[in-house]
Amino acid sequence: MRVDLHVHTYHSADSLSQPADILRCMDRNGVDVVAITDHNAIDGAREVAALAPARVIIGEEVRTSQGEIIGLFLRDWIAPGQSPRDTVAAIHAQGGLVYVPHPLDRVRGSTLKRDALLSIIPWIDVLEVYNARVLWPRPNRKAREIAVAHHLAMGAGSDAHRPEDIGLATVEMAPFRDVSDFIDNIRVGTIHGRLTGLCGRLAGVRARFARGRVRSAPEDYRQEG
């Protein structure tokens, strides 16, 4: 099965993706399971999971005091703004997995700071070694080197901010029944990926612009959407 571990819905400020569109693009792009990982929110993940529970991992991309950490297999929302260690503890306290996204992408300010990354290495369950939205391949290569050096499970995600980009980066792995199965199977999975094109990169800008129009002219936006 192909699993995309980093996807956003309209519950992220920089995405407009609707649950039904996400599922349609999963089918079109041959993706079996996605982790919905909205910024500081899990409502979008719950909405997609309500439509296809077997195909969705409920996650959240949490903005800590030192950058972003994703929680996977969550039951409850995790508050942003905590330290990385407290965020990791909150994820594990509810039986979730700690997944660090785009760990060495220094272009985006949301990346977990290097010292913070190294301080939580013992508690990381999966490191994202292929993020489709990095500007060039080097951050992904360096992330893989860290994963190998610290014997971490490796993950991949499209970081899709529009449905069409779902599946640009995936892990090919055996089906899983629970969190324990997931960890065992991802460790022997295969990473596939290609970088996002220009339209995908501009999706966040388009979403923020559209949200500005919603606030200023909601009726017009509803008609266009």
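User: Thr170: buried or exposed?
Analyst: Thr170 is buried, with a relative accessible area of 0%. Buried means under 20% relative accessible area, exposed means over 50%, and partly exposed is in between, using a 1.4 Å probe and protein chains only.

User: What kind of model is this, and which pLDDT is needed?
Analyst: This is a predicted model, in which local features need pLDDT of at least 70, side-chain atom pairs count only at pLDDT 80 or more, and totals for chains, interfaces and linings use all residues. Residues are numbered from 1 along each chain as its sequence is written, and side-chain values use heavy atoms, with hydrogens and water left out.

User: OK. Where is Thr170 found?
Analyst: Thr170 belongs to strand E8, residues 169-172. Helices (H or I, at least four residues) and strands (E, at least two) are DSSP runs, numbered from the N terminus.

User: And which residues is Thr170 in contact with?
Analyst: Leaving aside neighbours within four places in sequence, Thr170 is in contact with Arg2, Val3, Asp4, Val31, Ala156, Thr190, Ile191 and His192. Contact means heavy atoms within 4.5 Å. With Arg2 there is also a polar contact of 3.4 Å between the side chains. A polar contact is a pair of N or O atoms within 3.5 Å; within protein, one must be able to donate a hydrogen and the other to accept it, and residues adjacent in sequence count only if both atoms are side-chain atoms.

User: Which strand do two bridges join to E8?
Analyst: Strand E1 (residues 2-7), and E1 and E8 run antiparallel. Two strands pair if DSSP finds at least two bridges between them. Val3 stands opposite Val171 in E8.

User: How many bridges are there between E8 and strand E9?
Analyst: Four, again in the antiparallel sense, with E9 covering residues 190-193. Val171 has Ile191 as its bridge partner in E9.

User: Changing topic. Which are the buried residues of helix H6?
Analyst: In H6 (residues 179-186) they are Asp181, Phe182, Ile183, Asn185 and Ile186. These buried residues pack against E1, strand E3 (56-64), strand E5 (97-100), E6, strand E7 (153-157) and E8.

User: What caps the N-terminal end of H6?
Analyst: Asp178 does, with a side-chain oxygen 3.3 Å from the backbone nitrogen of Ser180.

User: Now salt bridges. How many does the count come to?
Analyst: The count is eight salt bridges. A salt bridge is a side-chain nitrogen of Lys or Arg within 4 Å of a carboxyl oxygen of Asp or Glu. One of them joins the side chains of Arg24 and Asp21, at 2.2 Å from N to O.

User: How are Arg24 and Asp21 separated in helix H1?
Analyst: They are three residues apart in H1 (residues 19-29), so about one helical turn separates them. Arg24 is partly exposed at 46% relative accessible area, and Asp21 is partly exposed at 28%.

User: And which residue forms a salt bridge with Asp27?
Analyst: Arg55, with the closest N and O atoms 2.8 Å apart. That pair links distant parts of the chain: Asp27 is in helix H1 and Arg55 is in the loop between H2 and E3, 28 residues apart. Asp27 is exposed, with a relative accessible area of 52%.

User: What about Asp165 and Arg162?
Analyst: Their side chains meet in a salt bridge of 3.0 Å, N to O. Asp165 is buried at 5% relative accessibility, whereas Arg162 is partly exposed at 25%. Elsewhere, Asp105, Arg108 and Asp159 are linked in a network of salt bridges.

User: Last topic, backbone angles. What is the phi of Asn40?
Analyst: About 55°, which is positive although Asn40 is not a glycine. Most residues other than glycine have a negative phi. Asn40 sits in the loop between strand E2 (33-36) and helix H2 (43-51) and is partly exposed at 28% relative accessible area.

User: And the phi of His102?
Analyst: Near 30°, also a positive value in a residue other than glycine. His102 is in the loop between E5 and helix H4 (114-119). His102 is buried, with a relative accessible area of 2%.
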